[in-house]
Amino acid sequence: MSWSIQLFLLMGGRGEWLHEDEHGMFAQVQVASLPFWKNFEHLEVAPKRFWIEVGANNYNNIQHYPDFGDQDFVLSFEPLLDKYAELLTRSQPRIPGQRRKLGFQNDRGLVFPFAIGCGSPFATFTVTDHDSCSSILPTMDGDYEGSKHERDDDFDFKARCATGLETRRVPCISLEHVLEVWLPGQEIYILKVDAQGADLSVVQSAGKSLRQIQNVPCCSPCRPW
C-alpha cells in the first residue's frame, strides 16, 4: 500500500483538506512537485549526485560539506514547522512579493516537513525545551541527573534536551518510499541522519532499497534519551 493511500485511510478516507481531531488541527498542503524530476527542471544539467539529510533543524549541514558542488542535490527533512519555514526562507531572495519556488531552500535543495522511519504515516513527535533534541522517541524529562563532573552550562543544555514540553503529530515517510517512488534507481551519495536516538530506524526504513545508499556518516553525538 502506498504512503499516500495509507495517509488517506488514516484520516478516515474522507480526503479532507482541513481536519480536526483530539490531537489538533491539520491541513493538507502541497510541499513539492511531482513527477519528482520537475523539481530539477530549472537546472541546466540534471543532478548527478543526491544527498539526503534527516533532522536538519534550521541549519542545512550537508551543503557545508566541502564536496557538495554544482552537480549535487539535497533532500532535507525537518518536522518542526518553524525550522522548516526558516530553511525555506534562508537561501532564496528576500524581495517582498517575489515568488519563490515551491519547497526549495536553494536552487539545489528541497526541504520537507516530514519525519522519517516511524513505521506509520503519522508519528507523535516530542518537542524538547532545546528543540534541536526533539524526537519521535520519548524523553527522560525530570530523570536526567547528569554527572558531578559536568559544568553547569553542559548540565543545563543536556537537561533541556532531555525535557519534553509538548507532543505534536507529524507526517512520517519511509526512506524506501523516497528511494523507490521519488528517486527510483538513483544512488544516494550520502545519507546524513540526526534523529535523536531514532537513527537506526531511519536507516532501516530504506528496506529493500538500502543498497541505493552509498555512505551513512556517523556525525551525531549521543543524546540523553
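**Strand pairing and helix contacts in a predicted model**

Q: Which residue of β2 does E20 stand opposite?
A: E20 stands opposite M25 in β2. The model is predicted, so local features need pLDDT of at least 70 and side-chain atom pairs count only at pLDDT 80 or more, while totals for chains, interfaces and linings use all residues. Residues are numbered from 1 along each chain as its sequence is written, and side-chain values use heavy atoms, with hydrogens and water left out.

Q: Why are β1 and β2 called paired?
A: Two strands pair if DSSP finds at least two bridges between them. Strand β1 (residues 18-21) and strand β2 (residues 24-27) are joined by 4 bridges, so they meet this definition. The two run antiparallel and form a hairpin with 2 residues between them.

Q: What makes β3 and β10 partners?
A: Strand β3 (residues 49-54) is joined to β10 by 5 bridges, and the definition asks for at least two, so these strands pair. They run parallel, and the bridge partner of E53 in β10 is K192.

Q: Why do β5 and β10 stand at the edges of the sheet?
A: The order of this open sheet of 5 strands is β5-β6-β4-β3-β10. β5 (104-106) and β10 (188-193) each have a single partner strand, so one side of each is left without a neighbour in the sheet.

Q: Which strands does helix α2 lie across?
A: Helix α2 (residues 81-90) lies across β5 and β6 (109-112). A helix here is a DSSP run of H or I with at least four residues, and a strand is a run of E with at least two.

How values were computed: Contact = heavy atoms within 4.5 Å. Axes fitted to C-alpha atoms, helices over the stretch in contact; angles between N-to-C directions.
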